Amino acid sequence: GKGDLINQEAVNELVDYAIAHGVNYFDTSPVYVQGWSEKATGIALKRHPREKLYIATKLSNFSNFSRENSLAMYHQSFKDMQVEYFDYYLLHAIGGGGMKGFNERYIDNGMLDFLLKEREAGHIRHLGWSFHGDVEVFDQVLAMHDTVKWDFVQIQLNYLDWHNQGAEQLYRELERRNLPVMVMEPVRGGYLATIDSERAKPFLELEPQRSIASWAIRWVESLPQVAVVLSGMSDLQQLEDNVATMTHFEPMNEQELAAIDRVVEEIRKVNEIPCTGCRYCMDCPMGVDIPEIFSIYSQYKIFGKEKAFVQDYEEVVEHGNGAEHCVRCLACTTKCP
């Protein structure tokens with residue numbers, strides 16, 4: 001049956017090990033693991049003192065953003081997680097669908113106002129959002145900080161995206177406003193743990209006993225504005241490695257940072273398109289999503305995963321933003337820095 005999706009005993013074991021070794025922040029959402037994540041996480045965490053934990057979940061109202069459904073989702077999270085309050089509550093994955101998408105999901109239905117009242121009442125201790133997508137939305141929602149007073153922001157950040165996908169610019173904006181940065185994808189969906197030994201040579205020469213993944217985690221944690229590094233760990237070995245990386249943590253020194261730069265160089269050699277994802281070339285008059293296509297192609301060149309390439313590119317084509325619409329008007333080339 002459906003309940004077999006999650007092995008609750010395994011979840012409990014991982015959570016117990018994590019908490020025993022100093023992990024205290026747990027991030028979930030109503031849509032993870034086909035909707036079972038909050039329940040399973042709730043059961044596992046309920047066995048520990050609530051005041052020692054920081055629990056985060058999200059308003060993941062993508063498919064139905066009516067007020068009624070959004071409220072139901074919000075209240076269901078409290079039931080499934082078995083909590084009286086959330087330490088961190090996020091507007092989930094803003095940036096897709098532009099500001100129109102943001103307004104539909106959170107403003108027009110009054111949900112943001114509702115969540116602000118919930119924060120005042122103490123049911124939400126910190127209110128923020130996670131970001132994927134359109135930088136314009138990032139800027140506009142960040143500008144709301146003056147009235148809304150966001151408590152934190154969650155972004156995708158790792159040493160490859162720092163240059164490649166313009167993640168540095170997002171981080172700097174949050175640093176400027178002194179907002180705590182929660183980091184997702186520190187290992188870029190596991191990619192930065194699987195770099196082959198040829199390209200990872202600078203790491204192995206410097207610290208052969210450290211895992212390749214630990215470099216990615218430590219790089220992120222070395223940034224002063226980063227408050228939490230999130231890592232999806234599916235087995236004890238990954239958990240042990242991450243715990244070891246973060247215990248007695250020391251920020252990266254010059255030598256280590258130089259090794260990171262060399263590895264990034266190696267990764268980028270394979271990737272002939274030096275696009276940083278700044279999106280100055282957008283909007284294309286024909287609707288081609290230029291940076292997105294470059295990014296998907298670069299992923300393919302770097303990691304060689306054909307199936308992922310085809311799936312990601314098919315999505316671009318479905319949205320009418322594929323390269324086949326290009327008429328070579330060259331408008332983009334005049335704007336590219």
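Here is a walk through this structure, from the whole chain down to a few single residues.

What you see is a predicted model, in which local features need pLDDT of at least 70 and side-chain atom pairs count only at pLDDT 80 or more, while totals for chains, interfaces and linings use all residues. Residues are numbered from 1 along each chain as its sequence is written, and side-chain values use heavy atoms, with hydrogens and water left out.

Let's start with the overall picture. The protein chain has 16 helices and 7 strands; these are DSSP runs numbered from the N terminus, with at least four residues (H or I) for a helix and at least two (E) for a strand. Along the principal axes, the C-alpha atoms fill a box of roughly 55 × 50 × 45 Å.

How much of the chain is buried? Of the 337 residues, 46% count as buried. Buried means under 20% relative accessible area, exposed means over 50%, and partly exposed is in between (1.4 Å probe, protein chains only). As for contacts (heavy atoms within 4.5 Å), take those with a separation of 6 or more: 76% of them join residues 24 or more positions apart.

Now head for strand 6, residues 181-184. Val 181 and Val 183 point one way from strand 6, Met 182 and Met 184 point the other way, and all are buried. Strand 6 pairs in the parallel sense with strand 5 (residues 152-156) over 4 bridges, and with strand 7 (residues 226-229), also in the parallel sense, over 3 bridges. Two strands count as paired if DSSP finds at least two bridges between them.

Next comes helix 2, residues 37-45, which is mostly covered: 7 of its 9 residues are buried. Among them are Ala 40, Ala 44 and Leu 45, along with Glu 38. The cover over the buried residues of helix 2 includes helix 1 (8-20), strand 1 (25-27), strand 2 and helix 3 (67-81).

Strand 2 (residues 54-59) is also where you'll find Tyr 54. Tyr 54 counts as partly exposed because its relative accessibility is 37%. Not counting residues up to four places away in sequence, Tyr 54 touches Asn 24, Tyr 25, Phe 26, Asp 87 and Tyr 88.

Over in helix 5 (residues 111-121) sits Asp 113. With 48% relative accessibility, Asp 113 is partly exposed too.

Finally, a few backbone details. Most residues other than glycine have a negative phi, and most peptide bonds are trans. Glu 185, though, has a positive phi near 55°. Glu 185 is in the loop between strand 6 and helix 10 (201-206), and is partly exposed with a relative accessible area of 32%. His 248 has a positive phi as well, near 50°. His 248 lies in the loop between helix 12 (236-246) and helix 13, and counts as exposed at 77% relative accessibility. Last stop: the peptide bond joining Met 282 and Asp 283 is cis, with omega about 5°. Asp 283 belongs to the loop between helix 13 (254-269) and helix 14 (290-303).
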